[in-house]
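Please look through the model below.

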Amino acid sequence: VLKAALVIQNWYRGYSARLKARQRYALTIFQSIEYADEQGQLQYGNVDSPTLSVFHFLEIVARLFGSTSQDNRDRQECVTLIEVPNSYNGPRLQFPLTFTDIDLLFIIFISSASPSQILHARYVLEVLFETKKVLKQMPNFTHINTSPSKEITICGKFQGRAAKLIFRSALNGLPSESNSYVFNGDFVDRGRNSIEILMILFVSFLVYPNDLHLNRGNHEDFMMNLSSYLQIHGKKILQILEDVYTWLPIGTIIDNEILVIHGGISESTDLNLLHRIERHKMKSVLMPPVPLDGGHDTKSKKHKINATVMPWEVTSSSSLSEQLTKHEWEQIIDILWSDPRGKRGCYPNTSRGGGCYFGPDITSKVLNRFQLKMLIRSHECKPEGYEICHDGKVVTVFSASNYYEEGSNRGAYIKLSSDTNPRFYQYQVTRTTCLRPLYQRVNAIESSAIRILRERIISRKTDLINAFHLQDRTKSGKVSMSQWAFSMENILGLNLPWRSLSSHLVTTDTNGNINYMSSFQDIHIQKPAQSTLIETLYRYRSDLQIIFNVIDSDHSGLISMEEFRSMWKLFNRHYNIHIDDVQVDDLAERMDLNKDGSIDFNEFLKAFYVVHKLDKLNKSESSLA
């Protein structure tokens with residue numbers, strides 16, 4: 001009996017280990033794609049990159065929303081001149097705000113009882129102006145202390161239902177003098193309710209300004225969230241939100257020994273300098289300082305198309321006095337974007353394209369230099385919601401459970417009290433996954449990861465086929481496993497274990513060679529048009545949405561055929577992607593469904609979707625490893 005029990009125990013341990021390995025591979029896929037997208041965005045702001053014209057374009061788009069330097073006039077224009085109609089049945093906030101307003105927002109935003117209610121733009125703007133007013137009085141680093149009667153809760157990346165769980169339930173409770181909070185950035189990110197959560201946090205901050213503390217994260221960047229806010233009154237909201245983000249403190253120091261920042265550090269991190277930096281000058285990671293000699297051809301800041309002056313033909317009103325120096329800018333990028341690694345030293349963060357990787361020696365060096373004992377940061381999804389590294393000196397806390405997929409990860413928060421070690425609290429906000437056995441939860445996560453990876457693959461189909469053809473010198477339609485893996489990595493740049501993933505993506509012959517066209521089996525992009533154009537549209541659909549919303553100044557959802565053609569010429573120029581006039585005209589005709597001369601581009605983009613022939617792919621208990 002004992003021998004049988006040991007056999008069963010060993011089998012179960014191996015089975016559980018394989019399931020955990022599959023889950024890790026799935027998370028690696030999600031994370032690699034997320035970081036690759038961030039890297040693509042950061043390259044637009046790299047003044048040394050060949051895509052410099054894109055930097056100019058992004059700066060010009062940003063300046064479309066004007067300056068917020070004249071606060072009183074702007075507040076008068078943005079708030080009092082926006083009427084709330086009698087027909088509005090959403091919440092009506094009363095200033096000064098109270099706990100009742102927080103509770104009201106939780107009910108309408110998070111509760112499923114009233115999902116259709118929204119907060120009117122006037123109240124959103126009032127909250128943003130009030131938040132900015134308070135933030136402007138705060139230092140770059142908030143200094144707070146624990147005591148025998150006061151605990152501090154630190155939350156990492158945040159999402160909707162987690163807010164309800166932590167804030168309103170008995171799990172942790174509302175902010176108070178004895179129950180302070182630090183929210184460590186990335187309030188607006190993936191998932192539903194991001195702008196709603198931002199409103200809840202800002203209203204809570206205004207009600208409890210001494211007990212709720214906000215740090216800026218890398219996603220508190222108006223350029224990186226541009227498409228999220230261009231709706232009715234969107235430009236007014238974006239304009240003030242740009243300023244609110246820049247006034248958020250960049251860190252918190254607890255008991256003069258624990259540093260809380262969103263990302264990490266580098267070998268050159270200087271907390272003394274970071275305390276003095278004029279943080280509000282850090283507008284966006286995509287808008288680095290312009291060199292003192294001008295550095296760019298000012299004529300390139302104008303974009304004339306067919307001699308027609310378009311709305312983006314605006315020169316930047318910013319002066320050098322409104323910028324950080326390059327060194328100051330890099331200091332902030334490092335604390336917002338960096339990640340810890342086990343390897344010693346400090347080296348470029350190649351996955352994200354910004355910040356650095358820092359090793360345990362860098363952690364010890366920086367903490368010792370500034371008489372600190374610990375660094376608490378967020379910025380990375382962790383399967384268990386938190387992770388401790390660098391000999392206990394670095395703690396990552398990630399509060400958004402199910403970040404990539406239902407059941408993909410747990411959320412966690414940290415509680416600190418006087419003279420005690422940090423205490424970790426884990427949770428999983430879920431409706432269904434806890435009822436499923438582990439293998440079903442892993443299957444669901446794995447299937448979703450493979451699905452999104454296949455969508456990435458199909459968006460680069462033409463480039464991948466060209467890469468395969470270079471490897472396939474005999475035109476056999478097959479390549480070796482190493483050749484296939486090299487081509488996949490070279491084109492997609494995702495740093496994935498392609499050999500291990502191959503069984504989910506391609507078919508192989510008896511000799512182990514891969515039929516490379518099977519990389520695209522069971523999936524295609526729905527829309528009858530030239531393949532390369534469809535791939536381009538699908539790959540850049542988010543960027544096209546931003547450009548469309550900029551041109552659609554009346555928020556009608558429609559643009560004229562001429563504006564559409566001008567938009568594509570701008571897109572071609574800045575992204576260095578050639579789409580000829582014939583293709584553009586053909587595309588315009590397809591999009592003008594009712595032939596009225598206007599294009600509903602939003603509806604068209606939503607129609608672009610990937611068709612998976614095998615939607616139940618990977619439902620079986622197959623292993624990634």
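**A buried serine and its surroundings**

Ser502 has a relative accessibility of 7%, so it counts as buried (under 20% relative accessible area; exposed is over 50% and partly exposed in between, with a 1.4 Å probe and protein chains only). This is a predicted model, in which local features need pLDDT of at least 70 and side-chain atom pairs count only at pLDDT 80 or more, while totals for chains, interfaces and linings use all residues. Residues are numbered from 1 along each chain as its sequence is written, and side-chain values use heavy atoms, with hydrogens and water left out.

Ser502 belongs to helix α15, residues 498–505 (helices are DSSP runs of H or I with at least four residues, numbered from the N terminus). A polar atom of the Ser502 side chain lies 2.8 Å from the backbone oxygen of Arg499. Leaving aside residues up to four places away in sequence, Ser502 touches Met481 and Trp484 (contact means heavy atoms within 4.5 Å).

Helix α15 also packs against helix α12, residues 438–458, at an angle of about 90° and with the axes 11 Å apart (axes are lines fitted to C-alpha atoms, for helices over the stretch in contact, and angles run from 0 to 180 degrees between N-to-C directions). The two helices α12 and α15 are therefore roughly perpendicular, the term for angles of 65 to 115 degrees. On the α12 side the contact is made by Glu446, Ile450, Leu453, Arg454 and Ile457, which meet Trp498, Leu501, His504 and Leu505 of α15.

Elsewhere, helix α7 spans residues 194–207. Eleven of its 14 residues are buried, so α7 is largely enclosed by the rest of the structure.

Conventions. Expected span 1.5 Å × (residues − 1). Polar contact = N/O pair within 3.5 Å; in protein donor to acceptor, adjacent residues only side chain to side chain. Parallel < 35°, antiparallel > 145°, perpendicular 65-115°, else oblique.
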